[in-house]
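Please look through the sequence and the model shown here before reading on.

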Amino acid sequence: MGRDPERNCDSQDPGQYDRIVVRGKPYDRGLSHGQQAKSKIHRSLQYYKSTFSVHLTWPECVGFVRDNYLPAIREYYPKGLDEMRGIADGANITLEDVLILNAREKVEEVTATPGECTGAVALKSATANRDVLMGQNWDVTEFILNNDTAILLEVHPDPEENIKPLVMLTEAGQLGRSGMNSNGLGIVAMGLWSTADIFTRDPVKHPKGWLPISLLRRMFLEAPTFSQGIRAVLQKPRHVSTNMIIATAEDEALNIELTPNDYFVMNIPLDKEILAHSNHFKTPAFQARDDIREGSRGSSSLFRDRRVEKALLSFWPNITEESFQTAFKDHVGYPNSVCQHSVPPELAYTSVFPKDTTAASIIFNLSQKKYSLCKGPPCTGTYRSYSLVSLPEDGKDNATLANSIPKTLDG
């Protein structure tokens, strides 16, 4: 599909991201996260300090997250704050450093060109085994791939929290991104930009500040039901736009385009029951508004979602995880394609985002509680399969548990 992958891609398999398993109460699992991912967290912070400083000093970044995020997290997600304190202590960094990592995309939006992504979902009537499938190509700065700073974070909360085990593909030091839980809830998200986005907080309108979008994703996965997850996503204060595809193994899904003050729902079409989304607003309700405008810069977003839907339709109604893999390898518009590639300086003129690449491609089977991950562009990497398992309540520490769980289903 699209250009020949052999012509456009490095043939070397980049391997796989580390799988980090944590358990227990929020601070304890954060402490384990910080200890296990310490070197990755420090590499990320060193990079972001150098890139953000082009437009903002690091103290300005620290002030931004302290003033605008910390009060809201303390108010609306205190256990998340405890987990971030644990990460800070485990990695020997400040709480503000962890806040910046968890709000990285929107701090970066002020200082640099943000990345893009493509996601999709297929409900039971569209799939070969009548499973609910969803997935995403995560397109972002090549630094994450080249420096191995992403992780698979598997979280097993303390039983007293009444939160199901969950797994997320995320950056080291972050609480959440794309993921699923053992109750069959799943989420992938794509960046959006609108003229409604806010970067200067009015203390009267927003006395507690805002939550980073990454935490809304985590809060969805911690919800006991699909309905409660929707409420968690929509009712907490936010200041930027985003798109979320949320789904449940109960055979339902929604695409929600969010701005700071509104949300716009796309139902999954009943005739085919598949949907893809990239990085531009698509809902008629948004497009009919005359007080909000699209903030993206166009480019490949305008066709990447269509390319994925077209590929999935070619397999309908027998879509499988392998069908998603095929869709996510598409190279139309290369290098700014569904399977995105960074380019060397001499070819920068060919790309809208010369330093962005597909850092990972992930596919969730919400019905089977399984997922597969490819590190780097899927045209060259290998999808490896995992299962979201339950851990025994045997008192083992996090490091022991991380080493005792099988790494993948395929060995």
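In this predicted model, Phe64 has a relative accessible area of 18%, and because buried means under 20%, Phe64 counts as buried. Tyr69 is buried as well, with a relative accessible area of 1%. The rings of Phe64 and Tyr69 have their centres 5.8 Å apart and their planes at 75°, so this pair is edge-to-face.

A further edge-to-face pair is made by Phe264 and Phe286, since their ring centres lie 5.5 Å apart and their planes stand at 85°. This pair links distant parts of the chain, with Phe264 in strand S10 (residues 263–267) and Phe286 in helix H12 (residues 284–287), 22 residues apart. Phe264 is buried at a relative accessible area of 6%, and Phe286 is buried at 3%. The structure holds nine aromatic pairs, and ring pairs also join Tyr47, Tyr48 and Phe143 into a cluster. Elsewhere, the charged end of Lys272 sits over the ring of Trp316, 3.7 Å from the ring centre.

We turn now to a strand. Seven of the seven residues of S8 (residues 242–248) are buried, so this strand is largely enclosed by the rest of the structure. In a regular strand the side chains alternate between the two faces of the sheet. In S8, Thr242, Met244, Ile246 and Thr248 point one way, while Asn243, Ile245 and Ala247 point the other way.

S8 pairs with strand S7 (residues 185–191) in the antiparallel sense over seven bridges, and there Gly191 stands opposite Thr242. Seven bridges also join S8 to strand S9 (residues 252–258), again antiparallel, with Ala253 as the bridge partner of Ala247. S8 and S9 form a hairpin with three residues between them, and Asp251 in the turn has a positive phi of about 80°.

Definitions and conventions: Residues are numbered from 1 along each chain as its sequence is written. This is a predicted model: local features need pLDDT of at least 70, side-chain atom pairs count only at pLDDT 80 or more; totals for chains, interfaces and linings use all residues. Side-chain values use heavy atoms; hydrogens and water are left out. Buried means under 20% relative accessible area, exposed over 50%, partly exposed in between (1.4 Å probe, protein chains only). Helices (H or I, at least four residues) and strands (E, at least two) are DSSP runs, numbered from the N terminus. Two strands pair if DSSP finds at least two bridges between them. Rings of Phe, Tyr and Trp (its six-membered ring) pair if their centres lie within 6.5 Å; planes under 30 degrees apart count as stacked, over 60 as edge-to-face and the rest as tilted. A charge sits over a ring if NZ of Lys or CZ of Arg is within 6 Å of the ring centre and within 35 degrees of the ring normal.
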